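Hello,

Here is the structure you asked about. My notes on it follow below.

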Amino acid sequence: MGHSKKFNLDEKFVFSSKFQRAAFITLGLGIVLFVIGVVSISAGGGDSHDEHALTQTVDLLASAQEEGSGEAAHAEEGDAHGGGHHGYHWTTRIKSTLWHNSIFFLGISVIGIFFVALQYGAHAGWSALIKRIPESFGIFVPVAGIVLLITFFWGNHEIFHWTHDYLYDPNSPQYDEIIAGKAPVLNFGFFIGATIIFIAGWYGFYHVMRNHSLAEDNEGGVKRFWKIKTLATVFIIFFAVSSSIASWIWILSIDTHWFSTMFGWYVFASWFVTGLSVITLFVIFLKKAGYLAAVNENHIHDLGKFVFAFSVFWTYIWFSQFLLIYYANIPEETIYFMERLTSDYYSQIFFFNIVINFFFPFLALMTRNAKRKMNILRIVCFVVIIGHWFDFYLMITPGVLKDHGSLGPLEVGTFLIFAGLFLFIVGKRLASAPLIAKNHPMMDESLHHSI
Amino acid sequence: MKKNKHFLVGVFGDQDELLHGVEDIRAKGVKIHEVFTPYPVHHLEDALGYKRSRMPVAAFLFGATGTTCAISMQTLMSGVDWPMIIGGKPFISLPDFVPITFEMTVLFAAFGMVGTFMVTQNLKPHKAPRLFDLRGTDDKMIMAIDLAKNNLSEEEISKILKDAHAEEVYRKDFADAKNERNFFKYLQDLFINGVTESGRFPR
């Protein structure tokens with residue numbers, strides 16, 4: 001249109017002490033809640049009812065209803081200890097929540113890379129201005145990946161039923177023909193190999209694309225653009241395969257007998273909408289903090305459309321998985337939903353999950369204005385992130401903890417620890433390079449973006 | 001009954017000149033009837049001062065109607081009128097209703113929107129559009145100004161258009177009695193002549 005304002009494209013994000021403090025407060029609060037959680041659950045296994053009452057008062061999120069079932073579970077636990085009940089120890093809950101959160105945050109960070117790759121693959125110009133923000137998420141991939149691997153080495157027997165050797169031994173009384181048939185995939189070599197290849201691969205692609213992008217800042221021209229485009233295309237193919245396999249071995253194999261052909265998509269959809277919400281929150285936050293002056297409501301609108309569209313996409317995938325299993329009614333398939341729907345505790349989260357991840361963003365972001373106004377979008381994105389955290393909680397916890405699953409300071413604390421680390425590491429990364437890729441060949445299109 | 005319509009047609013060759021022209025012409029108090037462009041021009045609606053369409057509201061209401069109809073239809077059919085056991089499910093099993101509810105929501109919204117659009121834009125089946133200049137479908141932007149709705153004289157408007165870099169300005173009259181034909185005559189014409197250019201576009 002010709003009459004555009006001049007924007008400063010050389011700005012750099014300063015990770016000032018104010019922002020660092022916010023990240024550290026999140027981290028510190030997380031650690032405090034984590035410690036409270038650990039103390040309370042390790043004491044909860046004992047007989048003292050006083051301690052149990054103490055944990056109940058500390059447990060901010062426990063509902064009144066839970067108190068009753070908690071009491072019942074407590075009594076049951078006492079019996080179980082006498083009867084030599086296999087598998088549950090209070091540390092299992094820590095392993096479960098670590099596994100849950102590392103997968104959740106690994107997803108958010110890899111979606112940052114995927115989002116950038118997608119923009120290059122689709123030749124999208126509008127996102128050139130904000131591209132550095134999702135790009136910086138990639139730095140968290142190795143962090144979450146290492147936590148994931150450590151958790152696996154620490155807690156594989158508790159998290160994954162298939163890791164027990166006796167299941168594969170035909171002479172053993174606990175020999176399981178179905179699991180033995182899955183042995184080519186469900187073994188330590190494949191699991192660890194694939195996990196390392198995926199995490200290293202994602203990080204490797206990120207590293208090379210990022211370096212090209214930073215070199216482009218100094219050089220200009222389109223040479224780097226085409227190189228990143230080639231890399232991005234290969235990354236998208238690699239990510240399509242690796243994210244599916246990762247979801248099978250990391251999450252689907254927790255419910256070892258169960259299988260779902262939708263699961264790769266389901267996990268990807270949940271990751272993607274969470275990642276998009278985090279990107280949107282970062283953009284809104286930076287804009288409110290006085291950065292990214294060139295980002296206008298049209299860019300915000302596009303991000304809002306992404307969050308809206310992929311919330312619906314997630315619902316579509318979620319429901320497609322549910323309906324086929326519900327309708328076919330085959331016991332080996334329905335077990336997954338039976339576990340979640342027959343439990344008083346999980347069924348509440350199950351329905352809450354649909355409301356918070358579908359009805360809320362669908363109705364709240366339906367109008368054009370809601371997607372263009374940062375204040376509304378900010379609330380919706382925040383809620384969507386929490387909602388998908390519960391979605392992953394529901395994928396992992398019922399399979400690992402069975403009826404011992406709970407939501408207390410431990411789970412919230414672990415989430416806050418990861419969130420604090422994420423904010424700190426990504427913030428540092430964001431500050432380490434110019435905030436805007438000023439020599440991106442499509443920068444002009446992004447500056448004049450209007451819809 | 002029907003009056004003949006008199007228009008002044010301005011032909012523009014460049015989209016930026018058209019956009020600035022629209023702003024200048026409106027600033028001088030001339031009311032623009034319509035602008036025809038061969039492709040969508042960004043910001044033209046803003047320049048013409050069009051209000052945002054309320055079609056999304058209509059879409060939501062039609063969609064909500066579809067949802068309600070679908071759920072009540074299925075509840076009445078499989079719950080009340082003819083209950084049948086299918087797959088051991090309850091007669092009214094909401095998950096099974098979702099695909100049909102979704103489809104009917106989309107169907108109602110789509111048909112409702114097409115209908116609303118046709119009614120609001122007066123697109124009747126037998127309506128012959130006023131074609132100002134066929135180059136508007138090719139490489140020129142055509143601006144039409146209704147002389148009856150402007151207080152300025154034809155010469156004055158013509159000068160304003162020329163000042164706004166219109167390549168060509170000419171007057172075009174429509175004999176509306178011929179333009180707004182009777183629906184039955186249209187059908188009769190359709191049967192006898194088929195859809196011909198002369199039948200569709202009387203000029």
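What share of the 203 residues in chain B is buried? The buried residues come to 15%, where buried means that 20 or more other C-beta atoms, placed from the backbone, lie within 10 Å of the residue's own.

This is a predicted model, in which local features need pLDDT of at least 70, side-chain atom pairs count only at pLDDT 80 or more, and totals for chains, interfaces and linings use all residues. Residues are numbered from 1 along each chain as its sequence is written, and chains are lettered from A and ligands numbered from 1 in the order in which they are written.

Chain B has eight helices and four strands; these are DSSP runs, with helices being H or I of at least four residues and strands E of at least two, numbered from the N terminus. Along the sequence their pattern is β-α-β-α-α-α-β-α-β-α-α-α.

Eight residues of chain B are in contact with nine residues of chain A, contact meaning that C-beta atoms, placed from the backbone, lie within 7 Å. On the chain B side, helix H4 (residues 94-120) of chain B gives the largest share, three residues.

In chain A, the axes of helix H8 (residues 188-219) and helix H9 (residues 223-250) come within 10 Å and cross at roughly 160°. Axes are lines fitted to C-alpha atoms, for helices over the stretch in contact, and angles run from 0 to 180 degrees between N-to-C directions. H8(A) and H9(A) are therefore roughly antiparallel to each other, the term for angles over 145 degrees.

Regards

Note on methods
Parallel < 35°, antiparallel > 145°, perpendicular 65-115°, else oblique. Contact = placed C-beta atoms within 7 Å. Buried ≥ 20, exposed ≤ 12 C-beta atoms within 10 Å, placed from the backbone.
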